[in-house]
Amino acid sequence: MELELEGADLKAVLNRLRRAQGQISGVIRMIEEGRDCEDVVTQLAAASRALDRAGFAIIATGLQQCVTDMEAGRENGEDPEAMRARLEKLFLSLA
């Protein structure tokens, strides 16, 4: 299953990843500066949420594409149960 991110989906995922990248850079800087533990953890949690949201957006797009492919009858030879198991594994990897 190939994932094709386009337009608004691509922009949203890239924005979330860039936000996480900035937050992680902030965490590194905060640690280097000896900042308060609570501030560091708060910033780290924000970065984690941004990464999770990007992952969920990617998975949602993948699910949408799978449904579209199945409805259009464009099966790639993969067993539907195997495809479902792969998507479930991806989804649970973010849980």
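Which side chains meet in a salt bridge? The side chains of Glu33 and Arg35 do so, with an N to O distance of 3.9 Å. A salt bridge is taken here as a side-chain nitrogen of Lys or Arg within 4 Å of a carboxyl oxygen of Asp or Glu, and by this rule the count comes to one. Glu33 is exposed, with a relative accessible area of 51%, whereas Arg35 is partly exposed, at 42%. These classes are set by relative accessible area: buried means under 20%, exposed over 50%, and partly exposed in between (1.4 Å probe, protein chains only).

The structure is a predicted model, in which local features need a pLDDT of at least 70 and side-chain atom pairs count only at pLDDT 80 or more, while totals for chains, interfaces and linings use all residues. Residues are numbered from 1 along each chain as its sequence is written, and side-chain values use heavy atoms, with hydrogens and water left out. The mean pLDDT (the predictor's confidence in each residue, from 0 to 100) is 80 for the protein, and 79% of its residues reach 70 or more. Confidence is highest in helix 1 (residues 7-32), at a mean of 89, and lowest in helix 3 (residues 80-93), at 75.

The protein contains three helices and zero strands, and its elements run α-α-α from the N terminus on. Helices (H or I, at least four residues) and strands (E, at least two) are DSSP runs, numbered from the N terminus. Of the 95 residues in the protein, 21% are buried.

Helix 1 has 26 residues, which at 1.5 Å a residue should span 38 Å; its end C-alpha atoms are 38 Å apart, in agreement with this value. The expected span is 1.5 Å times one less than the number of residues. Within helix 1, the residues Val13, Ala20, Gln23, Gly26, Val27 and Met30 are buried. Gln23 has a relative accessible area of 13% and is therefore classed as buried. A polar atom of the Gln23 side chain lies 3.4 Å from the backbone nitrogen of Ala47. Just after helix 1, Gly34 takes a positive phi of about 70°.

A nonpolar surface patch of about 450 Å² is made by Leu10, Leu14, Leu17, Ile24, Ile28 and Leu51. Patches are made of residues with over 30% relative accessible area and no salt bridge, with like charges joined within 9 Å and nonpolar side chains (Val, Leu, Ile, Met, Phe, Trp, Tyr) within 5 Å. Accessible areas come from the Shrake-Rupley method with a 1.4 Å probe, and for residues only the protein chains shown count as cover. Helix 1 gives the most to the nonpolar patch, with five residues. One of the patch residues, Leu10, is placed in helix 1 and is partly exposed, with a relative accessible area of 33%.

Two further pairs of residues link positions separated along the chain. Ala54 lies in helix 2 (residues 37-72) and counts as buried, at 1% relative accessibility. The C-alpha atoms of Ala54 and Ala12 are separated by 7.9 Å, although the two residues are 42 apart along the chain. Ala95, in the segment after helix 3, is exposed, with a relative accessible area of 82%. Its C-alpha atom is separated by 8.5 Å from that of Asp52, 43 residues apart along the chain.

Conventions. Polar contact = N/O pair within 3.5 Å; in protein donor to acceptor, adjacent residues only side chain to side chain.
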